[in-house]
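Please look over the sequence and the 3D view before reading the points below.

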Amino acid sequence: MNSMTESAGAAPAPARNKKGAGLLKKMAKRYDLYLMLLLPVAFYLIFHYGPLYGLQIAFKNFNPAKGIMDSPWVGFIHFERFFDSYYFWRLLWNTLSINLLSLLIAFPIPILLALIVNEIRSRTFSKLLQNITYIPHFISVVVIVGILQALLSPTAGPINQLIELFGGTPIRFMESAGWFKPVYIGSNIWQSMGWQSIIYIAALSGVNPQLYEAAKMDGASRLRRIWHVSLPGIIPVIVILLILDVGHFMNVGFEKILLMQNNLNLESSDVISTFVYTTGILKGEYSYTAAIGLFNSVINLILLLLVNRFARKTSETSLW
């Protein structure tokens, strides 16, 4: 009986060895593809997973002279300091509101642009529209902010000149806390909608043309064909990109906000990422800002897990 049990338990081993040998053989056959993976894998290991070692300074009083290991542990003091600070709710509200408005307003725009491009029958006009909307993506953030300052200048900006032409008074868009979020989100839409629409256009090209023909024969108008054929065809892509966007919900465009930020609009423009830069890098409070960054990342992770679970239950489409 024991011998039978031993033989039964030992049986899967050759099968596992055979599978392992088969996998190695396949990898050796396509070694060139695996070699191409070395650089991106090394990049993520060195620049994304390697720095995780330094997260421990969020729980220490980090001293560069002593190093990470010899710096004293202080527990959750830095987290408590951040939560009790007078600027905590301002930073949290600005970060959340900018991202929420971007998600509600900016996220659907590339989808609408892709649907418009897909419905244009003239190939020349379609390509022209795509090129015009793609170009802003390749403009430097510094140049984008410079363009905004030139357009919205209260003295020589064409927007304010147009306002004066209709009898209004010039508005200091770049120095106003109330106008910061509309200007930031609006310029982001202009800059990124063409580039973000590429993946939706690619997804629409994979929709079966026979579905459009069948809907047309059934008497469906163009809008109904978009609603009942085009949109359902790209719903999985929309869900995946929405999950990915929520995954970095607490991360705001640091460089652009920093360039647009000034003392007059600080009430609306001060977000977690800019605060980490000014306090951690410029003032040298490394442990404190590491704790803030860790808090930010944990919120992102929780949101990602919740949205992914919700998407899996409702649409059967998720990251995992």
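The crossing of helices α7 and α13 is right-handed. The structure is a predicted model, so every value below is computed from that prediction.

**Helices α7 and α13**

- Helix α7 covers residues 108–119 and helix α13 covers residues 222–247; their axes come within 11 Å and cross at roughly 125°.
- On the α7 side, the contact is made by I111, L115, N118 and E119.
- On the α13 side, R222, I226, S230, L231, I234 and I238 take part.
- Sorted by class, this contact of α7 with α13 has 6 nonpolar, 2 polar and 2 charged residues.

**Helices α16 and α17**

- Helix α16 (residues 272–282) packs with helix α17 (residues 286–314) at an angle of about 165°, and their axes are 9 Å apart.
- Because angles over 145 degrees count as roughly antiparallel, α16 is roughly antiparallel to α17.
- The crossing of α16 and α17 is left-handed.
- From α16, the contact involves I272, F275, V276, T279 and G280.
- From α17, the contact involves Y286, Y288, T289, I292 and N296.
- The contact of α16 with α17 contains 6 nonpolar and 4 polar residues, and no charged ones.

**Helices α8 and α11**

- Helix α8 spans residues 123–134 and helix α11 spans residues 177–205; they pack at an angle of about 130°, with axes 7 Å apart.
- The two helices, α8 and α11, are therefore oblique to each other.
- Q130, T133 and Y134 of α8 meet a set of α11 residues: M193, G194, W195, S197, I198 and I201.
- In the contact of α8 with α11 there are 5 nonpolar and 4 polar residues, with no charged residue.

**Helix α3**

- Helix α3 runs over residues 31–49, a total of 19 residues.
- From its first C-alpha to its last, α3 reaches 25 Å, which is close to the 27 Å expected at 1.5 Å a residue.
- At L38, α3 bends by about 30°.

How values were computed: Residues numbered from 1 in each chain as written. Predicted model: local features only at pLDDT ≥ 70, side-chain atom pairs only at ≥ 80, totals over all residues. Heavy atoms only, no water. Axes fitted to C-alpha atoms, helices over the stretch in contact; angles between N-to-C directions. Helix = DSSP H or I, 4+ residues; strand = E, 2+ residues; numbered from the N terminus. Left-handed = near helix turned anticlockwise from the far one by under 90°. Contact = heavy atoms within 4.5 Å. Nonpolar A, V, L, I, M, F, W, Y, C, P; charged D, E, K, R; others polar. Expected span 1.5 Å × (residues − 1). Bend = angle between axes of the 7 residues up to and from the residue. Parallel < 35°, antiparallel > 145°, perpendicular 65-115°, else oblique.
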